[in-house]
Amino acid sequence: MLHRSAVETVIRAGLAEDAPWGDLTSELALPEDANATAAVVSRENGVFAGAEVIRVGFTVLDSAAEVELHVADGDQLDPGTAVATVRGPARAVLTAERTVLNLVQRMSGIATTTARYVSAVEETVAEVERSNKLPAGTITRTRVCDTRKTTPGLRALEKHAVTCGGGHNHRFGLSDAVMLKDNHLAVLTAGGAPLSRALRDLRRKMPHTTCMVVEVDRLDQIEDVLAGGADVVLLDNFAPADLVSGVAMIDGRAAVEASGGITLETIGRVAATGVDVISVGALTHSAHALDLGLDIVVG
């Protein structure tokens, strides 16, 4: 859930950057008592994310402003869809315009990208079920997850946008789980300790509620990682055939995550290997900003 306090922090930082000493244009050109009604409108197809950003963003400078939302997070947008109506002091509305739109366009772009990846997985799963004459819903859908490849300062908003597109959140930050990647493992075993023993020693230091995720890039690492007590084995940059082998080797002893260079064109094949989770950095680091605009309603 996206909390108002997190949104307000981001909005105020954006406004401080965009109008550090005020909005010179609005303050000189617009009467102080001028009011405006404006519509936030989608210019293209996509999935909406950012309702709380619109609600907070247009009222934080002047509580007299009012926001009426016409869509909810996760709703489909078409060109011309009215997203929200904003009424209030013209100076406040126009000063906030760019900060709010930048954030909502980014969030909606992430939600739209995520929805495409989720759809690709669903289509593949459905095709496998049809091909094998299985009842719909027989195969558990692989989770599509984000990563920490987010814009600094915007992680809460961007991870919320992933959920609006039907995806799931991976750990929010470094404090959430023990996640050992290749560089960690290189340091951990630099003294010559077997990987399995090093992981067991680490496990004894961990709080009992903490999850351990261990990345491997070769099949021959899997047994040591499982012996070390990994809760999740992350198969990094594995070809589909090796993912199938990895899933078979793990055989339910840990959750299986796939990552590394996953694209919209390849995610279906990856999901078909039987992994539990696919983490995709592109959901956040390569999403196209959805085109939204603010139009003053005249008359």
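Mentor: A residue counts as exposed when its relative accessible area is over 50%, and as buried when that area is under 20%. The model discussed here is predicted.

Trainee: Is N237 buried or exposed?

Mentor: N237 lies in the loop between β9 (232-236) and α9 (240-250). Its relative accessibility is 55%, and the cut-off for this class is over 50%. N237 therefore counts as exposed.

Trainee: What is the phi of N237?

Mentor: N237 is a residue other than glycine, yet its phi is positive. The value is near 60°.

Trainee: How do helix α4 and helix α5 lie to each other, and at what angle do they pack?

Mentor: Helix α4 covers residues 90-131 and helix α5 covers residues 155-164, with their axes 7 Å apart. Angles under 35 degrees would count as roughly parallel, and 65 to 115 as roughly perpendicular. The two helices are therefore oblique to each other, and the angle is about 40°.

Trainee: In which hand does α4 pass α5, and how many nonpolar residues does their contact have?

Mentor: The crossing of α4 with α5 is right-handed. By class, their contact has two polar residues, two charged residues and, as the number asked for, eight nonpolar ones.

Trainee: Which residues of α5 meet α4?

Mentor: On the α4 side, the residues are L103, R106, M107, I110, A111 and T114. On the α5 side they are L157, E158, H160, A161, V162 and C164.

Trainee: Why is C164 in no disulfide?

Mentor: A disulfide is a covalent bond between the sulfur atoms of two cysteines. The cut-off for the pair is within 2.5 Å. The closest cysteine sulfur to that of C164 is in C145, and it is too far for a bond, at 15 Å.

Trainee: How far from C211 is the nearest cysteine sulfur, and how many disulfides does the whole structure have?

Mentor: For C211 the nearest cysteine sulfur is that of C145, 12 Å away, and C211 is in no disulfide. A search of the whole structure gives a count of zero.

Notes:
Residues numbered from 1 in each chain as written. Predicted model: local features only at pLDDT ≥ 70, side-chain atom pairs only at ≥ 80, totals over all residues. Heavy atoms only, no water. Axes fitted to C-alpha atoms, helices over the stretch in contact; angles between N-to-C directions. Helix = DSSP H or I, 4+ residues; strand = E, 2+ residues; numbered from the N terminus. Parallel < 35°, antiparallel > 145°, perpendicular 65-115°, else oblique. Left-handed = near helix turned anticlockwise from the far one by under 90°. Contact = heavy atoms within 4.5 Å. Nonpolar A, V, L, I, M, F, W, Y, C, P; charged D, E, K, R; others polar. Buried < 20%, exposed > 50% of the residue type's maximum accessible area, 1.4 Å probe, protein only.
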